[in-house]
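Please keep the sequence and the 3D view at hand.

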Amino acid sequence: MTRQAPAEGPRTLAALVPALAAEFPDFFIDTQPTWNGLCLSAHDRDRATRPGVYAVITSDPEEMRLALREGGH
């Protein structure tokens with residue numbers, strides 16, 4: 001069984017950070033190392049003042065966008 005490469009490579013994920021940060025200013029967005037390379041992480045900047053999603057960690061930028069949009073921010 002062969003493993004498929006992630007849709008986004010490490011350089012591409014890092015390049016997406018500024019755009020995602022601009023799209024979701026309530027979250028601190030960065031890349032994090034994983035067993036398979038890098039993933040994106042988003043953490044709520046001010047969790048204490050609002051309900052909703054606190055953190056999202058994924059290697060799929062579209063999954064991150066969906067989770068953050070559905071999180072209510």
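This is a predicted model: local features need pLDDT of at least 70, side-chain atom pairs count only at pLDDT 80 or more; totals for chains, interfaces and linings use all residues.

Arg 65 and Glu 23 meet through their side chains in a salt bridge, at 2.9 Å from N to O. The pair links distant parts of the chain. Arg 65 lies in helix α2, residues 61–70. Glu 23 lies in helix α1, residues 10–23.

Arg 65 has 13% relative accessibility and is under the 20% cut-off, so Arg 65 counts as buried. Glu 23 has 33%, so Glu 23 counts as partly exposed.

## From pairs to a network

Glu 23 also forms a salt bridge with Arg 69, at 2.8 Å from N to O. This pair, too, links distant parts of the chain: Glu 23 sits in helix α1 and Arg 69 in helix α2, 46 residues apart.

Arg 65 has a further partner. Its side chain meets that of Glu 62 in a salt bridge, with an N to O distance of 2.8 Å. Arg 65 and Glu 62 are three residues apart in helix α2, so about one helical turn separates them. Shared partners join Glu 23, Glu 62, Arg 65 and Arg 69 into one network of salt bridges. The count of salt bridges in the model is three.

## The sheet

Which order do the strands of the open sheet follow? The order is β1-β2-β3, three strands with antiparallel pairing. The edge strands are β1 (27–34) and β3 (55–58), and each pairs on one side only. Neighbouring strands of this sheet are turned against each other by 20 degrees on average, with direction ignored.

Strand β2 covers residues 37–44. Four bridges join β2 to β3, and the two strands run antiparallel. Ser 41 stands opposite Ile 57 in β3.

## Confidence

The mean pLDDT of the chain is 79. A pLDDT of 70 or more is reached by 74% of the residues.

Methods: Residues are numbered from 1 along each chain as its sequence is written. Side-chain values use heavy atoms; hydrogens and water are left out. pLDDT is the predictor's confidence in each residue, from 0 to 100. Two strands pair if DSSP finds at least two bridges between them. Axes are lines fitted to C-alpha atoms, for helices over the stretch in contact, and angles run from 0 to 180 degrees between N-to-C directions. A salt bridge is a side-chain nitrogen of Lys or Arg within 4 Å of a carboxyl oxygen of Asp or Glu. Buried means under 20% relative accessible area, exposed over 50%, partly exposed in between (1.4 Å probe, protein chains only).
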